[in-house]
Every structure is written in structure tokens, then in C-alpha cells.
Amino acid sequence: MIGRRPQRRVVDVHAHLGPYSLFHIPDPDATTMVGVMDRTGTEVTVVAANRAIQQDAHLGNSQALAAVDAHPGRIAAYAVVNPWQDPERELERLAGDDRFVGIKVHPSLHRYPVTGSRYSAVWAFAEETGCPVLSHSQHQSPYDAPPLFEAVAAKYPGAAVILGHAGITPPGVDESIEAAARYESLWLEVCGSQMTSSLILAMIERVGSRRVLFGSDFPFIDQRMSLGRVVCAPLTDGQRDDVLSGNARRLFRWRPLPGVQE
Amino acid sequence: MADDVTSGWFDAHIVTGAHPAALVPSSDRDAIAAHLDTHAMSGALVSSMASWLHDPIGGNAEATAVARSLADRGVLACWTAVPPTPGELDSLDRLVDQAVAEGVAAFRLYPRSHGYSPVDPAMDELYAALAVNGLPLCFDVTEIDWHHLDQAATRFPTLPIVVSSLGYRLLRTLWAALRDHENLSVDLVDFAGHQAIEWMAANGLADRLLFATGLGLRDPGESIVRLAWSGLDDSTVTQIGGGTADRLFGVRRATAATGGRP
């Protein structure tokens, strides 16, 4: 019996905000998201607005900042950098606004590879500042398949890169695990429709529990889907706490996340 | 105690047997028993992986074997059918008669995987027999086109139909189907849309939601945490956790509880 109240603190490092054209999302606003967070024990969520990833990075980033302002201490923002939409402008904005705590890139949606020159400024900025970068990653994608991040990690060893979805598919998870095992700058994030507790356990067994991060993709997907895999997984208490919040607190040091620090 | 509403749930979708292409928790007999114990569930509906991926009719015996072995735990069998085909199946009527005699509680079809049309006139015999006997018909949405589902639900309005594995992209389509067919329900296996359960309940459709984990196919933690930490009141959680199953499988559940005596 799981009960109706969560027992652990959660930090969600992979979330979005707002509607998405391909399907209906009921109540995708920040207030509803915070309501979900209250029910799941989530202290803070880092969001990249759907408008920013899907259509207009600059306008979407403004939406993310509005959500931070509306829910201080609960929502933090990624600055989405689209390689086709003046990436230098968004990096300058990010540098000058401490409501942004990280960078989000979505190479598959923007159809541009993580190894391409238009992303160079992102990796260089991350390496110089310690700003974490969350990237979509997807098995066999020509833009963000997990092995491509090994080239990024080799060239920018000081840039902390979160492999969002850890490659998505089970073979993609295996590739992500291998990449993270080779490069300590690569972190694994656990949301995705094909993720299971068994795959999360495989990540922890290979790279340890200290570089595996909880994310949910909500409101794209309901937060409790990803959370349930971690909460019910056969992990030790320490491993579960690492994944659910401790690792996020350790990683987001450039601009620390709001709330209690580890 | 308020937490009691997260016990006594009926898991309406378990598939027993090895999955050949996914890393998911075990769903053999002992794993199902442990699943029921761990989460204080009142029972489950179990179909067979062999019926889906190896021998549609022969695999039914494996579902029945698990159900018989765990009958005292409220486990019921769910069988699979295919169109009558010489050498494979003589009569759908007789298959349903046999299923009723053996206490089977529902049927699950895989038209796409098994290579036939679910609206082939030969299938009418099955749908009519299931409707007469009050046996629900279950489909994963990946196995059937929506217009075929619409056709079957229209032609057999007293046949309870349960759809599964909605994912997070189909709420627009689901809404139209639920609006048009009172005999249609949806289970919680991969019912992943943000706030989709709350959205259904707010629109008066909580009684069309059926708790299920998809053990054998998916990570069961998804559905468990999704419902337990939902934004629904306790009575609605209880309705979804077991009430809908009582309506759909109630006679068989009651019969199983008395050791097969009516």
C-alpha cells in the first residue's frame, strides 16, 4: 500500500510548460504543475517552455521566466537555445538573468546535430561557467543519438551535459550508459515512455547512483509516470534519494536551485 | 485511515510470461503474487504473453494456469481469440462457452499482431457471445484502428470494451470515442497524459477509468503512483482502483471468491 502522501523530496530536472500542437494537454499551466508538485513531494522543477522548444525560443523562454516569477522557489527555468534562432542572443540573455539555471537544447526537434558548429557556443558557455545543459537524446537519431555526446564530452570535458531520456529506447539507454561510463561529464536522466525501473537499475549498477537524475517531462507526460518507476524501483534509500533530489542539488551549482540544499 | 484507499485495488491488465523485447519486471506466477502482496491488491486480470506473441489459442492455458494457481488472491484469466480458421479454431461460440465454463473474465484481442481485421464478419460471433455472457473485450490501442473500434462499439452497444496503452498523445481521439460509446472504458496502463485522469473525472468520466498496471509490459510503478498521488478525492480513487472493475468483472470476481461456486 503506497498511501496518498509522498515520503521523499523530489527535484524534477526535465519538465516543460504550456500547450503542444500534436496532442491535447489538459491544464498545462504552471499553477497546475505546482499543484501536481505539491502532491508528489516535488520541491522544485526546472522547465523549458514548449513554445521555446517547438516554435520560438525567445518567446518561450519569456514564458518560462514568467512561471518562475509566478511561483518563486518552485519553478526554475532553462533557457532553450535553438541553433537556428540566434543562439548567441539567448546565451547573452541567459548569462544576464539569474532566473535561468541551465540550458535546454532539443537537437531532434531542431534538426541539428549536437556535434555541429552552431552548438559550439553552448558547450563552450557550459564549460566556462558550470551551467548544466539538458539535451534531448534519442537512440539512432542523426542529431542526438547517445554516442554523439561522447564527441561533445571529449571536446568540452568541463561541460556538464544531461542526456534527457537517456536515449529513450532500451538500446538507447544502453548506449547512454556506455557514454556516461566513459565520460564523467555526462549525466543520465530517466524520463521517457519506454523507461522502466529495470533500466534505471542498470544505469545505477554501471555508472553509480550519483549521476542519475530524476526528470518527468511533465506536462508533456504526467509527472507521476516517471516518478512511479523510481519510487517503486528496487533501490536502496540512498540510491533513491540520490536520483530523486540529491544529484540535482549537486549538479545545479552554477545558480543553485531554490529550496533546501543537500 | 485515509491511506486505506490505496489498498484493495484490482489490477485489470497483467500479461504473464516472458517479454522478448523489453526489460520489464517479471510477470510469472510468483511475481504476480508478490505484486499483489506488495501493493495490497484485491486481484488481477491476467492474460498470456504466449497468446500475444506465440500461440493465440494455446497460450490461453497459461493464463488459466496462473489464475487457478492464484484464485484465492482474486486472479482471473483473460483469454485471446482469433477468427475461426481451419486447423486453428473451429468456433468462436464454442471458445466462449469453454471460457465461461472455466471462469474466464474477459477476452483480449491482438488483430494487428495476429494479422486479421477486427471487423471481419466472422468476429461478430465472438462479440455477440461476449455481450450475452457479460465478458468485456480488451484491446491495446496499438492493435486496432479507431474506426474499427468505433464500428465494433456501435454494432455491439452492450459489449463492454476496454482500451489500453493510450500513451499521452491520444486524448482528442479518446474523447470522441468515449463521447460516442457508453460501453467504452480505458485502463490506466500507460495512460500517460498530464492530468488526464483528473481531466476525465472533471468531465464526469471517472467511472470509465479502470486501474491497471500492465505488469509484464510496463513498469507497474507508473499506474500505482499515478493513481495514488492523483488530484482525485478518496472516493474517486476507490472507484477507479476497484469500483470500475467490480462493474466490469463483478460476477466473475464474486464467483472466484467463493471457489467457483455461484
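A residue counts as buried when its relative accessible area is under 20%, as exposed when that area is over 50%, and as partly exposed in between (1.4 Å probe, protein chains only). By that rule A:Cys191 is buried, with a relative accessible area of 0%. This is a predicted model, in which local features need pLDDT of at least 70 and side-chain atom pairs count only at pLDDT 80 or more, while totals for chains, interfaces and linings use all residues. Residues are numbered from 1 along each chain as its sequence is written, chains are lettered from A and ligands numbered from 1 in the order in which they are written, and side-chain values use heavy atoms, with hydrogens and water left out.

**Where the two chains meet**

- Contact here means heavy atoms within 4.5 Å, and 38 residues from chain A and 41 residues from chain B take part in it.
- The size of an interface is often given as the accessible area lost when the parts come together.
- Chain A and chain B bury about 3400 Å² between them, with 60% of it on carbon and sulfur atoms; buried area is the accessible area (1.4 Å probe) that two parts lose on being put together, summed over both.
- Three residues, A:Met1, A:Arg4 and A:Met225, supply 26% of the area that chain A buries against chain B, more than any other three residues.
- There are 19 residue pairs in polar contact between chain A and chain B (both at pLDDT 80 or more). A polar contact is a pair of N or O atoms within 3.5 Å; within protein, one must be able to donate a hydrogen and the other to accept it, and residues adjacent in sequence count only if both atoms are side-chain atoms.
- On the side of chain A that touches chain B, the elements giving two or more residues are α1 (30-40), α9 (197-207) and α10 (223-231) of chain A. Helices (H or I, at least four residues) and strands (E, at least two) are DSSP runs, numbered from the N terminus.
- The largest share of that side, six residues, comes from α10(A).
- Sorted by class, the side of chain A that touches chain B has 21 nonpolar, 10 polar and seven charged residues. Ala, Val, Leu, Ile, Met, Phe, Trp, Tyr, Cys and Pro count as nonpolar, Asp, Glu, Lys and Arg as charged, and the others, Gly among them, as polar.

**Salt bridges**

- A salt bridge is a side-chain nitrogen of Lys or Arg within 4 Å of a carboxyl oxygen of Asp or Glu.
- A:Arg4 and B:Asp234 meet in a salt bridge through their side chains (2.8 Å, N to O). This pair crosses between chains, from the segment before β1 (10-15) of chain A to helix α11 (residues 234-257) of chain B. A:Arg4 is buried at 16% relative accessible area, whereas B:Asp234 is partly exposed at 29%.
- A:Glu43 forms a salt bridge with A:Arg249, their closest N and O atoms being 2.9 Å apart. The pair links distant parts of the chain, 206 residues apart: strand β2 and helix α11 (residues 237-251) of chain A. Both A:Glu43 and A:Arg249 are buried.

**Cysteines without partners**

- How many disulfides are there over all chains? The count comes to zero, a disulfide being a pair of cysteine sulfur atoms within 2.5 Å.
- The sulfur of A:Cys131 is too far from any other for a bond, because the closest cysteine sulfur, in A:Cys191, is 19 Å away. A:Cys131 is buried too, at 0% relative accessibility.

**Inside the chains**

- A:Thr42 is found in strand β2 (residues 42-47) of chain A and is buried, with a relative accessible area of 2%. Not counting residues up to four places away in sequence, A:Thr42 touches A:Val10, A:Asp12, A:Met37, A:Arg74 and A:Gln223.
- B:Leu210 belongs to strand β8 (residues 209-210) of chain B and is buried at 1% relative accessibility. Leaving aside neighbours within four places in sequence, its contacts include B:Ala12, B:Val162 and B:Phe249.
- Helix α6 (residues 124-133) of chain B has buried residues including B:Leu126, B:Tyr127 and B:Leu130. What covers the buried residues of α6(B) includes α4 (92-101) and β4 (106-109) of chain B.
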